Amino acid sequence: MAFTLPNLPYDFNALEPHIDARTMEIHHGKHHNAYVTNLNKAIEGTDAEKLSIEDICKNISKYPVAVRNNGGGHFNHSLFWTVMSAKGGSPSGALADAINAAFGSLDEMKAKFNAAAAGRFGSGWAWLIKDASGKLAITSTPNQDNPLMDVAEVKGTPILGLDVWEHAYYLNYQNRRPDYATAFWNVVNWAEVAKRFGA
C-alpha cells in the first residue's frame, strides 16, 4: 500500500509568528510531499510496500539509501506536524515528572535540546526520545535519519522532533537557527508529546 501525505492538523498560518505560513506551505506541500512520492518509488515491488513506516525505519540498514532518505523524511515530518499546535503551553503529569527526573527542569531540557539543534552540522533533526529503559534523552541525527533507525548512534522512540534543515526556517530566520529553535517552544503540542511518551 502506497504511503500518502498526511494532512496538516491546522491551517498553514496557525503557528505564526513563530513559523510563517509560506514556510509551512512549502515545507508540507513540496518537501514532505516529495519524500512521500520518492519513498513510494523506492519501495515499489519490494517487501517494504507491506510494512509500516516505523518498521521500515527500524530495519533501515536493509534498504537502499533512497529508502533511508525518503522513509526518514516521511516519518520525521509526519511526527513534526503533530508535535506542534497554536496552543503551546507546558508539559504536565508523568511527562513533566520524567523531564525533571532526566534533566532537572524543563528549562534545562530546553537548553540541551536547543544546543542539539544548533550544534547539528548541516541538515538534520534534534530529538527528545524515550530510550529502551523508559528514560528521556536528547539526541540529534543527520539528514533525514531518526532514533528509530537501526543505524542511529543513539536509539530510542522519538516523542518530540525539530527539523533543522534550512528549508524549515530560512524564509523567516535566515541563518539564525538558534532563534528558530527558541521560537519552537511557543508552538510545542505538549498533549501530543505526552501521548507519545505514554504509548
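Which side chain of opposite charge is nearest to R177, and how far away is it? I began my notes there. I am working from a predicted model.

**Entry 1: R177**

I found R177 in helix α7, which covers residues 177-184. R177 is buried, yet it has no salt bridge. The nearest side chain of opposite charge is E166, 6.2 Å away. I then looked for other polar partners. The backbone oxygen of V164 lies 3.2 Å from a polar atom of the R177 side chain. I also listed contacts, leaving out residues up to four places away in sequence. R177 touches A117, A118, R120, G122, V164 and Y169.

**Entry 2: the core**

I turned to the nonpolar residues next. The largest nonpolar core has 55 residues. Those with the most contacts inside it are M84, F113, L136, L160, L162, Y180 and F184. I picked F113 and checked what it touches beyond four places in sequence. Its contacts are A126, W127, L128, I138, L160, G161, L162, F184 and W185.

**Entry 3: helix α8**

Which residues of α8 are buried? In this helix, residues 190-198, I noted W190, E192, V193 and F197 as buried. Seen down the axis of α8, the buried residues fall within an arc of 160°, so they line one face of the helix. On the other side of α8, A191, K195 and G198 are exposed. I looked up what covers the buried residues. The cover includes helices α3 (65-82), α4 (93-103) and α5 (106-119). It also includes strands β1 (124-130), β2 (136-142) and β3 (157-163).

**Entry 4: N189**

I moved to the loop between α7 and α8, where N189 is found. N189 has a relative accessible area of 18%, under the 20% cut-off, so it counts as buried. What does N189 contact, apart from its neighbours within four places in sequence? I found T82, V83, M84 and S85. N189 and T82 are 107 residues apart along the chain, but their C-alpha atoms are separated by 7.4 Å.

The peptide bond from E16 to P17 is cis, with omega near 5°. P17 sits in the segment before α1 (21-43).

Two residues went on my list for positive phi. N143 is not a glycine, yet its phi is about 50°. N143 lies in the loop between β2 and β3, and it is partly exposed at 41% relative accessible area. Q174, also not a glycine, has phi near 50°. I placed Q174 in the loop between α6 (170-173) and α7. Q174 is partly exposed, at 32%.

Note on methods. Residues are numbered from 1 along each chain as its sequence is written. This is a predicted model: local features need pLDDT of at least 70, side-chain atom pairs count only at pLDDT 80 or more; totals for chains, interfaces and linings use all residues. Side-chain values use heavy atoms; hydrogens and water are left out. Buried means under 20% relative accessible area, exposed over 50%, partly exposed in between (1.4 Å probe, protein chains only). Helices (H or I, at least four residues) and strands (E, at least two) are DSSP runs, numbered from the N terminus. The arc is that of the directions from the helix axis to the C-beta atoms. Contact means heavy atoms within 4.5 Å. Lys and Arg count as positive and Asp and Glu as negative; His and the chain ends are not counted. A salt bridge is a side-chain nitrogen of Lys or Arg within 4 Å of a carboxyl oxygen of Asp or Glu. A polar contact is a pair of N or O atoms within 3.5 Å; within protein, one must be able to donate a hydrogen and the other to accept it, and residues adjacent in sequence count only if both atoms are side-chain atoms. A nonpolar core is a set of buried Ala, Val, Leu, Ile, Met, Phe, Trp, Tyr and Cys residues joined through side-chain atoms within 4.5 Å.
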